[in-house]
Amino acid sequence: MTALLRFEGVALRRGGRSLFEGLDLELGPGEKLQVSGPNGSGKSSLIRLAAGLLRPERGRVERSPLALADDNLALDRELPLRIALQFWGGAFDEAMVQLGIGDLADVPVRLLSSGQAKRAALARVFASGSLLWLLDEPLNALDSDGADRLSRRIAGHVKAGGAVLAASHQPLPGEWRGLELSA
Amino acid sequence: MIKALIGRDVRRGLTGAAWLPIAFFLLVAALMPFAIGPDAKLLSRIASGALWIAALTAALLPVERLVEPDRIDGVLDQLFLHGMAEESIAFAKIAAHWLIFAPLLLIATIPASALLAMDGSSLARTEAALAIGTPGLASLAVAIAAVTAGLPRAGSLAGLLLLPLAVPLLIFGAANAFLLEAAISLLLTAGAPFVAGAAIRAART
């Protein structure tokens with residue numbers, strides 16, 4: 001079993017402050033890990049490190065191809081949702097249905113509510129076909145129906161050999177391995 | 001992915017604010033007769049230089065919307081995660097910007113030349129010089145846009161950076177020294193994706 005994501009002795013400094021040091025972490029197929037901790041403890045930075053969008057101060061990060069959903073929507077606001085998602089490719093029609101936004105296909109992205117926009121960002125991850133999913137605060141703006149759909153899809157993904165790394169300050173539904181960051 | 005990104009940026013440009021720099025270009029050209037006076041001889045003598053200055057200032061207008069909106073919205077991050085190198089992203093943005101900016105500028109030069117009492121042959125020379133200069137100008141605009149993305153008052157800073165760097169293009173273009181102008185334009189086009197790519201990487205937080 002090869003790890004989909006591996007941190008070796010990773011240290012990260014942000015704004016002159018050390019967020020964590022000597023962090024080791026391994027995430028293999030079928031695993032899901034929740035990073036928790038208070039505001040400012042470096043949860044989002046850890047996700048961005050895992051994605052390769054930040055470079056570690058020390059240590060090494062190895063990753064397989066991945067998909068990321070964070071607070072940035074990255075969809076063209078003037079386009080209908082379906083066309084905007086189409087730009088990023090993958091099985092987005094199926095993903096939209098799984099997230100309950102299938103009937104919003106023709107609605108311009110700028111008119112989506114924040115919960116619907118969050119579902120759209122998650123749909124891009126679901127559609128990506130990547131084994132490794134990185135989710136930054138996936139429950140933000142989601143209602144209970146959205147959270148249910150998300151946890152069902154995550155369960156299916158993990159069962160199929162995928163892995164999920166999620167950062168959240170609130171408990172995520174289901175069984176998660178935990179990693180607690182301190183402020 | 002490069003093709004898709006170029007197509008997307010061209011579509012966004014054409015349905016968005018791509019017309020503004022061209023309207024601005026024509027407006028600056030239209031101001032010249034008011035500022036200089038209606039003397040056709042004098043106007044036609046300065047016309048080529050005036051059009052260059054109008055083109056440079058027009059090239060400055062779109063700088064704030066070339067990179068920053070995609071940075072702030074996470075599009076640059078997602079493109080990277082979809083396997084695009086920052087240099088390829090920058091190249092696609094340059095190509096898309098040039099595809100809109102250059103034809104519109106060259107078309108707008110025709111009515112602008114009439115405002116400045118240019119004759120046919122000097123219009124042809126100016127069109128050729130602008131055509132050669134546009135790849136360099138578009139590359140410079142995207143590179144500066146990437147360098148200033150996320151900074152406060154990026155628009156004014158971009159002007160201070162872009163205009164001096166465009167001086168070689170201006171000198172050789174306005175003097176109709178086509179080979180030297182082409183060399184400068186090529187140099188800017190070849191270097192800009194790397195500058196812009198590095199800037200996009202450095203701007204990640």
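**Close-up views of a two-chain predicted model**

**View 1. An exposed leucine in a loop of chain B.** B:Leu151 is exposed, because 12 other C-beta atoms lie within 10 Å of its own; a residue counts as exposed at 12 or fewer such neighbours, buried at 20 or more, and partly exposed in between, with C-beta atoms placed from the backbone. You will find B:Leu151 in the loop between α8 and α9 (154-165) of chain B. Helices (H or I, at least four residues) and strands (E, at least two) are DSSP runs, numbered from the N terminus. B:Leu151 and B:Ala203 are 52 residues apart in sequence, and their C-alpha atoms are 9.4 Å apart in space.

A quick note before the next view: this is a predicted model, in which local features need pLDDT of at least 70 and side-chain atom pairs count only at pLDDT 80 or more, while totals for chains, interfaces and linings use all residues. Residues are numbered from 1 along each chain as its sequence is written, and chains are lettered from A and ligands numbered from 1 in the order in which they are written.

**View 2. Strand β7 of chain A and its partners.** Five of the five residues of β7 (residues 163-167) are buried, so this strand is largely enclosed by the rest of the structure. A:Ala163, A:Leu165 and A:Ala167 point one way, whereas A:Val164 and A:Ala166 point the other way. Strand β3 (residues 32-36) of chain A runs parallel to β7(A), joined by four bridges, and β6 (residues 132-136) of chain A is also parallel to β7(A), with five bridges; strands pair if DSSP finds at least two bridges between them. Look for A:Leu165, which stands opposite A:Leu33 and opposite A:Leu134.

**View 3. The largest nonpolar core.** This core has 124 residues, and A:Ala123, B:Ala141, B:Val142 and B:Ala146 have the most contacts inside it. A nonpolar core is a set of buried Ala, Val, Leu, Ile, Met, Phe, Trp, Tyr and Cys residues joined through C-beta atoms within 7 Å. Helix α8 (residues 120-148) of chain B gives the largest share of this core, 14 residues.

**View 4. Where chain A touches chain B.** Here 14 residues of chain A are in contact with 13 residues of chain B, contact meaning that C-beta atoms, placed from the backbone, lie within 7 Å. Strand β5 (residues 66-69) of chain A gives the most to the chain A side, with three residues.

Terms used. Contact = placed C-beta atoms within 7 Å.
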